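Welcome! Please take a moment to look over the sequence and the model before reading on.

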Amino acid sequence: MKTFKLVLPVLLTAFALSATTTVHAQSKEQFVPVLSYRTGPYGPNGTPWANGFVDYLKLMNVKGGINGVKISYEECETGYDTARSVECYERLKSKNPSFVQTLSTGATFAITEKAPGDKIPVVTVGYGRSESADGAVFKWNFPIAGTYWVAADTILQAIAKKEGDWSSIKGKKIALVYHDSPFGKEPIPLMQERSRIHGFELQLLPVTAPGVEQKATWLQVRQARPDYVVLWGWGVMNSTAIKEAQATGYPREKMYGVWWAGAEPDVKDVADGAKGYNAVTIQHGAEPNSDIVKTLLAQLHSKGQGTGPKEEVGQVLYLRGVMSAMIGIEGIRAAQERFGKGKVMTGEQVRWGLENLNLTQAKLDALGFKGVMRPISTSCMDHMGAAWTRIHTWDGQKWVFTSDWMQADEQILKPLVKATADKYATEKKLVRRTGQDCQS
Amino acid sequence: MFYRENGQFKTSYPQDQQIFPIAQDRVFVVLLLLVAFAAVPFFASDYMFRAILIPFVIMAMAALGVNILVGYCGQISLGSGAFMAVGAYGAYNFFARVPEMPLLPALLLGGLCATAFGVLFGLPSLRVRGLYLAVATLAAQFFADWMFLRVKWFTLDTPSGSVSVSNLQVFGMSLDSDVSKYLFCLTLLVVIALLAKNLVRGAIGREWMAIRDMDVAAAVIGIRPMYAKLSAFAVSSFIIGVAGSLWAFIYLGSWEPSAFSVDQSFRLLFMVIIGGMGSIMGGFLGAAFIVILPIFLNQFLPMVAGLAGFEISTTVVSHAELMIFGAMIVWFLIVEPHGLAKLWSIGKQKMRVWPFPY
Amino acid sequence: MAFFLETLLGGLMAGMLYSLVALGFVLIYKASGVFNFAQGAMVLFAALAMARFAEWLPQLTGLTQPVLVNLIAFVLAGGVMFMVAWLIERLVLRRLVNQEGTTLLMATLGIAYFLEGLGQTIFGNDIYKIDIGMPKDPVMAFDHVFPGGLLINQEDLIAALIAALLVALLSLFFQKTATGRALRAVADDHQAAQSIGIPLNRIWVIVWCVAGVVALVAGMIWGSKLGVQFSLATIALRALPVVILGGLTSVPGAIIGGLIIGVGEKLSEVFLGPYVGGGIEIWFAYVLALLFLLVRPQGLFGEKIIDRV
């Protein structure tokens, strides 16, 4: 009891102190909140992404900022939990963030409801709501460079190509092993649409999060003997799936993963057992020889300023973090072109910048992404900007590209996006933006 | 000395039976309510509302519900997250499907859905006791997890399974500002706390406590175990269901089934144990502790590290939070196994006899 | 028919893996009446220790022979678990003697959070590999009886054998050694055991140590199967139905319960699952355990609950 009496006043004063610590917004710096998860079941996959993201921000500061405006950032641990992500968002909101990247589809749904009121654009490179590509309804969402429907579509295209063409896929069986969450369910509408059009059978096999026990799922795969398995998992579910596939003898060459199921943490423990496993990439793959990687190593890691281990630089998820950060920064830069170079941009202004992003190949090459990325050009109606993907395959040691550049089929994608976006608009009583609204 | 009830004579039955028989208590509670309703809205920042006050109020309600089941009736339940989920989705379905459904009835109907679910999954308590019951209630938790992911009807057939609500209005006033949300939740909390306190003081409450202490003896003297246990489950699930629907509608705004996972159940149980089982106040204290501790640690640890001169990564903070949380729970249980409410009553007792030691 | 047998076999083996974890629960409950919610965290902690030691040993000492490295890592991790057991007894259990069951339960939950945080702080939170040379490819047996052969997962089979061996060793320990007898005496009646001079504190340390080693073996096997990362702690939630079905106080109950739950889970998921959309394993296991409990409220092999009024 004695120690209790001593400890209690200390705790109370500490609490009072920390409660009065005001969050001060730096007026001369552009603030970027980093919602990341480095712990929990998805930590091993979230950590390289966060490292890449932060490294790119640091690189920007080393290069003098965006037209002289330096970037300040703060990381907040969300643990892939929606409530914690929302809490992080609320806490960092007062610092005038330029944009928010949630790295979680669940959190994207929640923050999409809050962002318009707070005037903060939500950038979701390769995740989030697929229908948010429709900028006329989703003014504040930017799923730049690709959404889940793009991924699903191009995976099916790759499968069709392997069989010959779309007609050869008729009568085949494709199983979707997916994470039982909004993230995992995203591709289902598009895959059902394609299945209807081309006549292949789609089998849906949900895996309860976090996906450590998949024996029953893969026994079902063994019984059904699908021609292909599409893996839509995140975190430990991916490596478990590949291990179970090996244990039930399902050929890994017939497996195609989404871009969140095709990175080093998913396969490096299985090594040769994952040989032949394919995954779709959102433009970039593992690019250890690219210019941006060389720059990051030279400017940051060789000086001891890098976040995370050096070996990670150039890996798939690390690069995705770099790309996500780059897209956000270019959005700020584009905003500065209109609203004042060298000035700190508000969330609204950054939104305009993200909506008018024009990353030509020349610009991308200059930034160091030569051969890694293809041009991205957003507009008022199209917040996605590009739909380029490739397939890469694990050869036991590293990821190797095994396909050309592919694009999602607009004929299928656009109507689906519009229909789903319309449904959202009627539910929320929103009016579709017209040409005039786009000028702001 | 401060707390003596000298001179306070009760001259009528209502005076004798009131909830706060001591005048100082009444004054304190009135002041507290005044501060909560009138003063806090002026002084609290946006962040305080969204991150601390609103979650605290809603969790206090949920902890109240759990306390009725676990603390007063002695049935350990690890399925509280499921009851919150059923309340939330029930309220959502009534709100979204019935045109022009007002908010308050939707929330209460959600609570009634949770009641039905709670009574159904409370049936095993008639046969199974103690730890076995605790693990059996996990069946409710995982079943609810699965049901809301798989049965599309509950989420209005959205492909993703994520639902959201907006444009909430109660009695014509819209609930878009933080202050209005806070006041709405607080009002509901005060009403439910009053009802719970009176239930617990009455015959049903005494039946629950008899079942908790020795259910065979209670049956012998004529208390029907089925009625008592199931009513505990029913009342408790109703309160937890309303709290769950508030959590979803007001705090989250947009949610998916993983918001009500087994972690939430454990959190609620922690609140009850740390706050003090078998006391209405315990729910409040426990909720305050569990809601505020992570946020406090999140701010405090980097500050301490900054003072000591080194920067710590979010990973370290996150792990340290886990460790400190675990250590504090163990420490609390060693120091005061009956929870914060017991500490509170010890404090009151000390104030009564001060300056004498006993 | 072949597929049904495959599922059955798969279920039996999965069940044995669950019972490995369930053993830890049963041991501690038997000897000290504490339901150890920290068992999952202990499995994670032990597995992390072993994985990281196996990684650091070649770097620090230059030994590279995998068998030797794994063996030393196992022994070191066992030592770490002994220390953890001793600390838990010293700092937590000793101060909570005679408290009610729910208090102890909550204390173990607190310990669980603490161990999870500590393990990841010390050993890191990436996915780590435990490579004990388990064969990863399946074996197709009986292909003269069933076309294509019956799928047998070698890794699971070896794991099931290890679990059976562990149970046999534990049974020997309990029946034949003096310490084992003392443990059984304490499980029967604390006060009586104390009155004949059995040191309760030491017995509890021993029990938690044994549970720690069981956690280490479980962690090693599950870690070899899944990789050592945070979700390993959630395996405990899958093992809980096994514990309550088999009875909280029975070691053979843990095994039989494990087999029943494993088979029930897999058969339900594979044959019932497709009709309801899939993903029913977890709650089905709990509902199955619940149904058994309704018939026998103390579990299949548990001690009958006697109420003295």
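This is a predicted model: local features need pLDDT of at least 70, side-chain atom pairs count only at pLDDT 80 or more; totals for chains, interfaces and linings use all residues.

## Where chain B meets chain A

Chain B also touches chain A: here 27 residues of chain B are in contact with 32 residues of chain A. Helix H3 (46-72), strand E4 (254-255), helix H12 (280-308) and H13 of chain B each give two or more residues to this side. H13(B) gives the most, with six residues.

By class, the side of chain B that touches chain A has 12 nonpolar, 13 polar and two charged residues.

## Two pairs of helices

Two packed helices are described by the angle between their axes and the distance between the axes. In chain B, the axes of helix H5 (residues 103-122) and helix H10 (residues 225-252) come within 7 Å and cross at roughly 140°. That angle makes H5(B) oblique to H10(B), and the crossing of the two is right-handed. The contact of H5(B) with H10(B) has 14 nonpolar, 10 polar and one charged residues.

H5(C) makes the contact through C:Glu155, C:Ala159, C:Ile162 and C:Leu166, while H8(C) brings C:Val214, C:Val217, C:Ile221 and C:Lys225. By class, this contact of H5(C) with H8(C) has six nonpolar, no polar and two charged residues.

## The largest nonpolar core

Which members of the largest nonpolar core touch the most other members? Of its 361 residues, they are C:Val43, C:Ala47 and C:Met50. H8(C) contributes the largest share of this core, 18 residues.

Let us look at one of these residues. Leaving out residues up to four places away in sequence, C:Met50 touches C:Ala73, C:Phe74, C:Ala77, C:Ile130, C:Leu216, C:Gly219 and C:Met220.

## Two residues to look up

B:Leu333 lies in helix H13 of chain B. Is B:Leu333 buried or exposed? B:Leu333 is buried, because 25 other C-beta atoms lie within 10 Å and 20 or more are enough for that label. Not counting residues up to four places away in sequence, B:Leu333 touches C:Leu96, C:Thr103, C:Met106, C:Ala107 and C:Gly110. B:Leu333 and B:Gln349 are 16 residues apart in sequence and 21 Å apart in space, C-alpha to C-alpha.

C:Ala233 sits in the loop between H8 and helix H9 (235-246) of chain C. With 23 C-beta neighbours inside 10 Å, C:Ala233 counts as buried too. Apart from its neighbours within four places in sequence, C:Ala233 is in contact with C:Gly40, C:Ala41, C:Val43, C:Leu44 and C:Glu116. C:Ala233 and C:Ala112 are 121 residues apart in sequence and 9.1 Å apart in space, C-alpha to C-alpha.

Notes:
Residues are numbered from 1 along each chain as its sequence is written. Chains are lettered from A and ligands numbered from 1 in the order in which they are written. Two residues are in contact if their C-beta atoms, placed from the backbone, lie within 7 Å. Helices (H or I, at least four residues) and strands (E, at least two) are DSSP runs, numbered from the N terminus. Ala, Val, Leu, Ile, Met, Phe, Trp, Tyr, Cys and Pro count as nonpolar, Asp, Glu, Lys and Arg as charged, and the others, Gly among them, as polar. Axes are lines fitted to C-alpha atoms, for helices over the stretch in contact, and angles run from 0 to 180 degrees between N-to-C directions. Angles under 35 degrees count as roughly parallel, over 145 as roughly antiparallel, 65 to 115 as roughly perpendicular and the rest as oblique. A crossing is left-handed if the near helix is turned anticlockwise from the far one by less than a right angle, and right-handed if clockwise. A nonpolar core is a set of buried Ala, Val, Leu, Ile, Met, Phe, Trp, Tyr and Cys residues joined through C-beta atoms within 7 Å. A residue is buried if 20 or more other C-beta atoms lie within 10 Å of its own, exposed if 12 or fewer, and partly exposed in between; C-beta atoms are placed from the backbone.
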